[in-house]
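Here are my notes on the model, point by point. Please read them with the coordinates open.

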Amino acid sequence: SWREYDVSRDSRDGRQDKRIFADVTATFKDIDYYGFNPALTLSASRTNSNVGLYDVNRVGLSIGIKSAF
């Protein structure tokens, strides 16, 4: 994604951010408990900005449940 801010307190030229992201989810359908399956999600994103303060790299792992129906 691309975001452009006309006004920024950190730069006279405004701020421009480029962000790329991806999510992958694995649902374990062999494990069933009252109609729910465990799920594991891996998320990653990277933001590059013309203002270094807003450069961010993120990686996340979440565990949850999903309906089997």
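1. Start at Ser 8. A polar atom of the Ser 8 side chain lies 3.2 Å from the backbone nitrogen of Asp 10. A polar contact here is a pair of N or O atoms within 3.5 Å; within protein, one must be able to donate a hydrogen and the other to accept it, and residues adjacent in sequence count only if both atoms are side-chain atoms.

2. A word on the basis. This is a predicted model, in which local features need pLDDT of at least 70 and side-chain atom pairs count only at pLDDT 80 or more, while totals for chains, interfaces and linings use all residues. Residues are numbered from 1 along each chain as its sequence is written, and side-chain values use heavy atoms, with hydrogens and water left out.

3. Where does Ser 8 lie? Ser 8 sits in the loop between strand E1 (2-5) and E2. Strands (E, at least two residues) and helices (H or I, at least four) are DSSP runs, numbered from the N terminus. Ser 8 counts as buried, because its relative accessibility is 17%. The cut-offs are under 20% relative accessible area for buried, over 50% for exposed and in between for partly exposed (1.4 Å probe, protein chains only). Leaving aside neighbours within four places in sequence, Ser 8 is in contact (heavy atoms within 4.5 Å) with Gly 14 and Arg 15. Phe 69 is 61 residues from Ser 8 along the chain, and their C-alpha atoms are 47 Å apart.

4. Now Asp 17. This residue belongs to strand E2 (residues 15-27). Is Asp 17 buried or exposed? Asp 17 counts as buried, since its relative accessibility is 7%. Its side chain makes a polar contact of 2.7 Å with the side chain of Arg 15. The side chain of Ser 49 also makes a polar contact with that of Asp 17, at 2.7 Å. Not counting residues up to four places away in sequence, Asp 17 touches Ser 1, Trp 2, Arg 3, Tyr 5, Thr 47, Asn 48 and Ser 49.

5. Thr 27 is also found in strand E2. Thr 27 is partly exposed, because its relative accessible area is 29%. Beyond residues up to four places away in sequence, Thr 27 touches Asn 37, Pro 38, Ala 39 and Lys 66.

6. Check the backbone at Tyr 34. Tyr 34 is not a glycine, yet has a positive phi of about 50°. Most residues other than glycine have a negative phi. Tyr 34 is in the loop between E2 and strand E3 (36-49). Tyr 34 is exposed, as its relative accessible area is 70%.

7. Overall fold. The protein has 0 helices and 4 strands. Along the sequence the pattern is β-β-β-β. Residues 24 or more positions apart account for 42% of the contacts with a separation of 6 or more.

8. Overall dimensions. The C-alpha trace spans about 55 × 20 × 15 Å along its principal axes. The radius of gyration is 19 Å, whereas a compact globule of 69 residues would be near 11 Å. That radius is taken over C-alpha atoms, and the globule rule is 2.2 Å times the number of residues to the power 0.38. Of the 69 residues, 20% count as buried.
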